[in-house]
Amino acid sequence: MLATVKTTQMDSAELQRLKNQYDIIGNDAALNRALEMAVAIAPTDLTVLVTGESGVGKENIPNIIHRYSTRKNAKYFAINCGAIPEGTVDAELFGHVKGAFTGAVETRNGYFEEYDGGTLFLDEIGELPVSTQAKLLRVLQSGEFVKVGSSKVQKTDVRVIAATNRNLLHDVSRGKFREDLYYRLNAVQISMPSLRSRKEDIYLLFRKFSSDFSEKWGLTKVSLTNDAIDLLIGYRWPGNIRQLKNVAEAVTALESRKMTPGSSRCVIDALTLSEYMPKEDTTLLPAAPADVRGGESMPDSDKQMIIKAIFDLKGEIDALKARLDSVPPAALPVAAGPEPDEAEWQGMGAPVPADSIGRTMDIAVPEEKTPEDLSLKKTNLEKAMMALEKHGGNRKLAADELGISERTLYRWIVRYGLDTKPNK
């Protein structure tokens, strides 16, 4: 039976200190309640089941419970049950004796013996084989286990916190998860909200991830226009916080540039941001935890493709840097002004004016257009028009002649209506 946890609302300062300690960003009420429940249940030894979609940050909850519990000075260990091969999971959890199976050249302690007195976090608990679930139930009920290949019953005192992004009750109905284990694990349930239900936190998280990434790699800060913010908030984010972080870092890496004296900012509009937003497949909409039917990990082949794409993008960035370095310093605009405050990502921030789209702005002093600036802009537009006319509207050839990227030329075409001939 699910235990009822009566939580005492933490004051805002205490709650913020907790978030800062675990690098948790957001002010959503459901998120705050999950954190308060974790702190409230920590001093007990109740088993906890953390639920929520993949990428919502479920791993923070067991960390908080352990650090606020009486076991805080004992060992803590997180285990991804889905990453352990089915044939070795019993040996990993409960240990084995020498000669128990081929390759067992010595006796080995399992996690329940090694972390006796501490806390074990069993992530992706729904991936455990049914035979292992029976052994886990015995540990939870009596603290007893038997090593693989042994007949000796051993005792352990371990607090178990489990997590899943699956609908375990559905798995119970299909015979894939033991009903008695489900209710034993589900003494207290803490649900982590999806990112799409935390709309007010989405832009705050984007600013945090982008700011951290730009600071780490010496890039200019990134801001979004109002239409870009609307696009960001309106997306469903099936991969939740993990997916948003990937998008924020990709936008910062490819749209920003190296920091120059007089810190400046890169402004991104919805058209630019949309190039980085994953295209939604309406036939595969994400479901809330109660409706999740699976929970498979990403295949290794997909991970390798992502890694290759990252290296390819890095090569493009390096090539772009080389081209920028070849431009005479006098040809590059230099922003003036003091460095901004470092925690500027906090809060929603002021909207970016629409007429700032596509250019680098000085965030320290108001920008004034001089006659020289207007003349240079007019000259650049005239060159762009001549290049497009020369190459019959072929943007790639025109961009190569101008020494700019095809993407930059396309923005000029959209903004100033330069595309007078069809692109061949």
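Visitor: Where is Leu 204 found?
Guide: Leu 204 sits in helix H9, residues 199-217; helices (H or I, at least four residues) and strands (E, at least two) are DSSP runs, numbered from the N terminus.

Visitor: Is Leu 204 buried or exposed?
Guide: Leu 204 counts as buried, at 9% relative accessibility. Buried means under 20% relative accessible area, exposed over 50%, and partly exposed in between, using a 1.4 Å probe and protein chains only.

Visitor: What am I looking at, by the way?
Guide: This is a predicted model, where local features need pLDDT of at least 70, side-chain atom pairs count only at pLDDT 80 or more, and totals for chains, interfaces and linings use all residues. Residues are numbered from 1 along each chain as its sequence is written, and side-chain values use heavy atoms, with hydrogens and water left out.

Visitor: What pLDDT does the chain average?
Guide: The average is 80, and 71% of the residues score at least 70; pLDDT is the predictor's confidence in each residue, from 0 to 100. Over residues 332-342 the pLDDT is below 50, and it stays under 50 over residues 356-369 too. Where pLDDT is low, the predicted coordinates should not be read in detail.

Visitor: OK, switching to H6. How far apart are its end C-alpha atoms?
Guide: They are 19 Å apart, which agrees with the 18 Å that the 13 residues of H6 (130-142) should span at 1.5 Å a residue. That expected span is 1.5 Å times one less than the number of residues.

Visitor: Which residues of H6 are buried?
Guide: Thr 132, Gln 133, Leu 136, Leu 137, Val 139 and Leu 140. Looking down the axis of H6, they fall within an arc of 160°, so they line one face of the helix; the arc is that of the directions from the helix axis to the C-beta atoms.

Visitor: And what covers them?
Guide: The cover includes helix H4 (89-94), strand S3 (119-123) and helix H8 (179-185). Just after H6, Gly 143 has a positive phi of about 75°.

Visitor: How many residues are in the largest nonpolar core?
Guide: It has 28, and Leu 93, Phe 112, Leu 136 and Phe 177 are among those with the most contacts inside it. A nonpolar core is a set of buried Ala, Val, Leu, Ile, Met, Phe, Trp, Tyr and Cys residues joined through side-chain atoms within 4.5 Å. H6 gives the most to this core, with 4 residues. There's a second, separate core of 26 residues, and Trp 237 is one of its members.

Visitor: Where does Trp 237 lie?
Guide: In the loop between helix H10 (226-234) and helix H11 (240-255). Trp 237 counts as buried, at 0% relative accessibility, and its phi is near 50°, a positive value in a residue other than glycine. Most residues other than glycine have a negative phi.

Visitor: What about Asp 23, buried or exposed?
Guide: Asp 23 is exposed, with a relative accessible area of 53%. It lies in the loop between H1 and H2, and its phi, near 55°, is positive.

Visitor: Last one: what does Asp 171 touch?
Guide: Not counting residues up to four places away in sequence, Asp 171 touches Arg 166, Lys 176 and Phe 177, where contact means heavy atoms within 4.5 Å. Asp 171 is found in helix H7 and is buried, with a relative accessible area of 2%.
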